[in-house]
Amino acid sequence: MIKFLTKKLFGDRQVREMKKYQPILQEIKDIYPTLEAKSDDELRERIKEIKYAIREELDPLELELKEAEEAYQTEPSENKKISIGNKIDRLSEQLKQMNQQLLDDNMAEVFAIVKDTCRRLVGYEYEVRDNKTVWEMIPFDVQLIGAIVLHYGNITEMATGEGKTLVATLPLFLNALLGHGVHLITVNDYLAQRDSEWMSPIFEFHGLTIGCIINGMSNQDRQEAYNFDVTYGTNSEFGFDYLRDNMAVSESQLVQRKHQFAIVDEVDSVLIDEARTPLIISGPVQESKNFFPELKPVIKKLVSTQNILVNRYISEIRNFLQADEYNADEVGRRLLLVSRAAPKNKSFTKFMKEPEFKKLVTDFEGYYLRDKKMHEIDSELFYVVEEKQNSVELSEKGNDLVAQKDPDLFIMEQLDDILNAVDENEELSFQQKSELKEKETNRFMDKSEKLHNIKQLLRAYTLFEKEIDYVVVDNKVMIVDQFTGRMMPGRRFSDGLHQALEAKENVTIEEATQTFATITLQNYFRMYEKLSGMTGTAVTEEAEFQEIYKLSVIEIPTNVPITRIDHNDMIYLTKAEKYNAIINEIENWHNLGKPVLVGTVTVEVSETLSRLLRRRGIKHNVLNAKYHEKEADIIKFAGEAGAVTIATNMAGRGTDIKLGKGVVTADKESYRSLDKKITHEHPYGLPLDGLHVIGTERHESRRIDRQLRGRAGRQGDPGTSRFYLSLEDDLMRLFGSERIGPMMMKFGLQKGEAITHPWMTKAVETAQKRVETYNFESRKQLLKYDEVMNQQREVIYKYRRNVLKGYDLNLEIIEMIKDTISDICDEYIGDERYSENWPLDEIISWIRTNMNVSISRKDIYSDHMTFEDLTSDLHDLVLKAYSQREEKLSSEQMREIERRVLLSVVDDLWRDHLHEMDLLKEGIGFRAYAQKDPLIEYKKESFTLFQDLVAKINLNVTKKVFTTYIVRPENLQDFLRMARQQHAASSAFDKAEPKAAPVQTNQAAPEKIQPRVVDVKVGRNDPCPCGSGKKYKKCCGKIS
């Protein structure tokens, strides 16, 4: 109602947008006829002139910005740095505005030139993916509008077959004239290669270079492709290249340039469907341990026992129902038990088709939740499955069954309490305490890992189904993308779940991995200065595009009106009835010699339909995760007369289905006024011609359904689309309104009959909206958490990039050394006010041990000295030693040491930090039980962790710049000789130094050489040997 009133008052936004672009379109149309008289060389020369004029305007500003960035890195004064930083921000914004203005000024002429180039190319023969192709494309007016929309950084929604691939070339061409490279992102390698080769004549005509990034390319080939004017590739390749660049150890290894402008093809798939999956580069952990093989029999027994219990409940329900009047309380309670224990149980789903039973379960669930007695129900089960939340939890009963051989398995004490108990045991020696602590720590870690493995194995057995969530290929568990139905090689479920699935399927359990670098697609694409996208289905998600990416969605009208008829959904009680009806419709169209495309949500359904079609002797092709390599070939022939193609919902996306001979028997205009009603003569409706799309169930997202419908009716072709549903479908079962079942009963539905009515279709769409809202909130929440991580990532990656650029790091290293010395002094001195009580010898010892700098007590001690005096003296002495080291090694070698040390320290500690952040995110949700906002708590904790990271970087860099040497092959022998000499001077019979003796000015008489005493290892909770009175972990142990 509100939408209707807004439209009446302010008009249709899409119409307003179209009017806004009309003057630019008219300008293009005015210029276009004037170009025909020009020669090819004159046209090429004009593009060179435009490019030169743009560069002439931009070069001075870009140079000024580059000089400011270099000045910022080398400026020692903090106040001046702030001033330079403000200047950089101002210049960056000015450059961004100038880029857009210069392109806007030239847009009409450049678009007209590109259109004329297409006209000149008509009839040109060339090869695309080893197939001979003839150029026959010239942009229509609607395609020019689509190109304008893309250039302004929006999303164009264009129907299937409207030529989005050609549309993208115009803004790509225009923005490439800036000279920074532009990117086009597609959903798979095949489309990236095909489109880059298909559109290459336009760019090559004017001397612009075009490249393609695909999986398996070498670093050198990637650098070359990114240096081209236009680069095509998949979202994951661009994202992973960004991560790899931020793991590079020299500038020569970097492949990506500036993130200037990108067009994302199938933008809804990339920025929404895949947005919840972060890109992760991982490597092996130092120590990997799991107990999956040992625990698998126990979990199998647990699942089997629960299944027996569920079958008993089902049997009891059937017995109750045989009576004339059954006991609703007993039946309702048992149905609720089964819904909590095994919501996918086939007998249970059949009960749920009956509206009275579905209402009974809902009512009982409401009673128990209201009275806070759900735990009474759960206590009768071994575990509880929360299907909507995709989680499973063990009950007390389940704990007892799993812990039969280890009664203490689920009893977890605090590790600190265990270690304190060891410390307080007076009967043990120091050595025994150390050994027992190590043993107890290992036992604690093993138990934690076991509990985690139990949880993941239980999820693997109860929530993840083979052929739906994953497939097993070549003894490996492969994830199946729930949106595209494609396998995702190289990707693994996180948190040990993938290993649990490997254990479940009896395949090789891969080693655990550690995250080295990670970024979400949301944050990667938001780095681009200008981003735009194109798809056939984006309007339903416009709010999300606007809120997260600041992208507006503009619907582009079709060049020829759509004649496809979208029939109402057919809703059945059971899946078996639904499948039978689908096969009947396929057979009908097949006998008429018309092509049929059947869209399925899972691999399992596509295999089921394939079996049913084989029984009826209907020849068909299957396109799912198992056969994705044949995708393009299968889709290419899906429009031939009588062809039957079964595809998981978005398989073949990006490839048009062109209709074969005899499929269309009349002019396209004749199909526009056909009657949509179903008649006895035409049981599946009109038109008879064209491609007929059948959906086997509704997807969670309306976009995916629209995408499937859009396979038919391209460029004004005839066709139909129809979706078949049953009350057993996951969407109807989990999110369907409680009114759908009773509504079907009111219509007097009998077994084998279907309901088809606009009200029912509306009810299904309402269920889809619920899921979309739920998923949007989930993605938004993920982004809020990742935003925290992203800010830290930007700081670290920017810092690394500056190191790689070769800026002089000496000033930063000096600041790190000063900060570390101050932190060490603060750590040792603490709150002690009197300087005579300060442990100066420990500070001197730490500096000598960790930084290889000798300082005597007399150099720093004075009466009534302050903390500032001490740190100032230490700074001067340590920096003097650093200068001497530089004189000895040379400035060039010292800068190289600084660079290498910084990169290795930052990379090592950043990996550890990522692991700590993962652990923090995993447990932060429990703060909600303490009435605290988990997100705010996550921000606080992550800031503390980041401060610790910076302190650790300072500490480790300070240690290493004093002790690291670069050994080149020609100097290896000299270095080994020096190492042997140093080792000889520090033999086992070296003179032992008193621990805390002050440095004497007069040398004492030589003492008798005696064996060196090796100190006993100090435990974490033991008193610190420095004499501070603190625990070792709180004192020297924290520093070391």
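Reader: Which helix gives the largest share of the lining of the second largest pocket, and what makes up the rest of that lining?

Author: In this predicted model, helix 4 supplies the largest share of the lining of the second largest pocket, with eight residues. The elements that give two or more residues to that lining are helix 3 (40-74), helix 4 (78-121), helix 9 (235-245) and helix 28 (758-804). In total the second largest pocket is lined by 39 residues, and E69, K258, H259, K798 and K805 lie nearest its centre. The space within the second largest pocket comes to about 2000 Å³.

Reader: Why is helix 5 described as largely enclosed by the rest of the structure?

Author: Helix 5 (residues 141-151) is largely enclosed because 10 of its 11 residues are buried, where buried means a relative accessible area under 20%. The buried residues of helix 5 are V142, Q143, L144, I145, G146, A147, I148, V149, L150 and H151. Helix 5 is followed by G153, whose phi is positive, near 80°.

Reader: Why is R340 called buried, and what does its side chain contact?

Author: R340 has a relative accessibility of 9%, and the cut-off for buried is under 20%, so R340 counts as buried. R340 is found in helix 12 (residues 328-341), and its side chain makes a polar contact of 2.9 Å with the side chain of D378. That distance of 2.9 Å can be set against the limit for a polar contact, which is within 3.5 Å. Leaving aside residues up to four places away in sequence, R340 touches M374, I377, D378, L381, Y383, V384, V385 and E386.

Reader: What makes I829 a buried residue, and which residues does I829 touch?

Author: The relative accessibility of I829 is 7%, and under 20% is the condition for being buried, so I829 is counted as buried. I829 is found in helix 29 (residues 810-829) and, not counting residues up to four places away in sequence, touches W838, P839, I843, F867 and L870. I829 and F867 are 38 residues apart along the chain, with their C-alpha atoms separated by 9.0 Å.

Reader: Why are N506 and N852 called exposed, and what is the value of phi in each?

Author: Exposed means a relative accessible area over 50%; N506 has 59% and is therefore exposed, and N852, at 57%, counts as exposed too. Phi is near 60° in N506, a positive value in a residue other than glycine, and phi of N852 is also positive and near 60°. Most residues other than glycine have a negative phi. N506 is placed in the loop between helix 19 (497-504) and strand 13 (513-519), whereas N852 is in the loop between helix 30 (840-851) and helix 31 (857-860).

Reader: How do you know that the peptide bond between L686 and P687 is cis, and where does P687 lie?

Author: Omega is about -5° for the bond that joins L686 and P687, and the bond is cis. P687 lies in the loop between strand 20 (644-648) and strand 21 (691-695).

Notes: Residues numbered from 1 in each chain as written. Predicted model: local features only at pLDDT ≥ 70, side-chain atom pairs only at ≥ 80, totals over all residues. Heavy atoms only, no water. 1 Å grid on protein atoms, 1.4 Å probe; cavity = no way out; pocket = protein on both sides within 12 Å on 5 of 7 lines; lining within 4 Å. Points joined across faces, edges and corners; volume = space filled by probe spheres on them. Helix = DSSP H or I, 4+ residues; strand = E, 2+ residues; numbered from the N terminus. Buried < 20%, exposed > 50% of the residue type's maximum accessible area, 1.4 Å probe, protein only. Polar contact = N/O pair within 3.5 Å; in protein donor to acceptor, adjacent residues only side chain to side chain. Contact = heavy atoms within 4.5 Å.
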